[in-house]
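Please open the model in your viewer and follow the stops below in order, selecting residues as each stop names them.

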Amino acid sequence: RIAARRDPDGLGLVDELGELTFRELDRRSNALARAWQERGLDDTSTIALLCRDHRGLVEAMFAAGKLGAKALLMNTGFAKPQFAAVAEREGVSALVYDIEFTDILGDVPDSIPRYLAWVDEAENEHPTVEELMAATPGDDVTRPKSIGSLILLTSGTTGTPKGDRKST
């Protein structure tokens, strides 16, 4: 938000799909935050992110912060049972993932909403963050009641990885 106001046309991100300015990142993450609000996510939510490094991950992190939600960075090397155990213990409200990780989500209850951050094919069973952003205005989001946070997982050397509360 600050970079979008100071240097709106400055280069904010470059990935396989091209460049985005700070203004574009701000508006796109606003749109995603608004779309998630319409679907019931808020400052009490935990949004698990299972993505490679690309705009979908960054936009989801920004949108979670604008909601005041917790963004939980999940390990792309998780096995299916381990992913489900961490999602349950951390109280995940929604999942954002890249299509290549679909199999890892198999043990997570279907009641947890899923959003695709990166897809390689046209047909998908879950909405994409791109579709949500395209269908929602990118106007500023009202400041949340509480500040959003980023949760990092411990290494899990003595069991299933746990959310590091110091990172929140």
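Select Leu32 to begin with in this predicted model, and then display the residues that Leu32 contacts once its neighbours within four places in sequence are left aside, namely Glu59, Ala60, Ala63, Val129, Leu132 and Met133. Widening the selection from there, you reach the largest nonpolar core, which has 24 residues, and in which Leu32, Trp36, Ile47, Val96 and Val129 touch the most other members. To see which elements build this core, colour α2, β3 (46–50), α3, β5 (94–98), β6 (114–118) and α5 (129–134), each of which gives two or more residues to it. Another core lies apart from this one and has 20 residues, including Met74, Phe78, Ile99 and Ile112.

Next, go to Thr46, whose place is in strand β3. Is Thr46 buried or exposed? Its relative accessible area is 4%, and because the cut-off for buried is under 20%, Thr46 counts as buried. With neighbours within four places in sequence again left aside, Thr46 is in contact with Lys70, Leu72, Glu90, Gly91, Val92, Ser93 and Ala94.

For the last stop, turn to the largest pocket, which holds about 320 Å³ of space. Its lining consists of 17 residues, and those closest to the centre are Arg1, Met61, Phe62, Gly65 and Lys66. At least two lining residues are supplied by each of α1 (2–6), α2 (22–38), α3 (55–67) and β7 (149–153), and the largest share, 5 residues, comes from α3. Colouring this lining by class will show 11 nonpolar, 3 polar and 3 charged residues.

Terms used. Residues are numbered from 1 along each chain as its sequence is written. This is a predicted model: local features need pLDDT of at least 70, side-chain atom pairs count only at pLDDT 80 or more; totals for chains, interfaces and linings use all residues. Side-chain values use heavy atoms; hydrogens and water are left out. On a 1 Å grid over the protein atoms alone, a cavity is a set of points where a 1.4 Å probe fits but cannot get out, and a pocket is an open set with protein on both sides within 12 Å along at least five of seven lines; lining residues have an atom within 4 Å of a point. Grid points are joined across faces, edges and corners, and a volume is the space filled by probe spheres set on the points. Helices (H or I, at least four residues) and strands (E, at least two) are DSSP runs, numbered from the N terminus. Ala, Val, Leu, Ile, Met, Phe, Trp, Tyr, Cys and Pro count as nonpolar, Asp, Glu, Lys and Arg as charged, and the others, Gly among them, as polar. A nonpolar core is a set of buried Ala, Val, Leu, Ile, Met, Phe, Trp, Tyr and Cys residues joined through side-chain atoms within 4.5 Å. Buried means under 20% relative accessible area, exposed over 50%, partly exposed in between (1.4 Å probe, protein chains only). Contact means heavy atoms within 4.5 Å.
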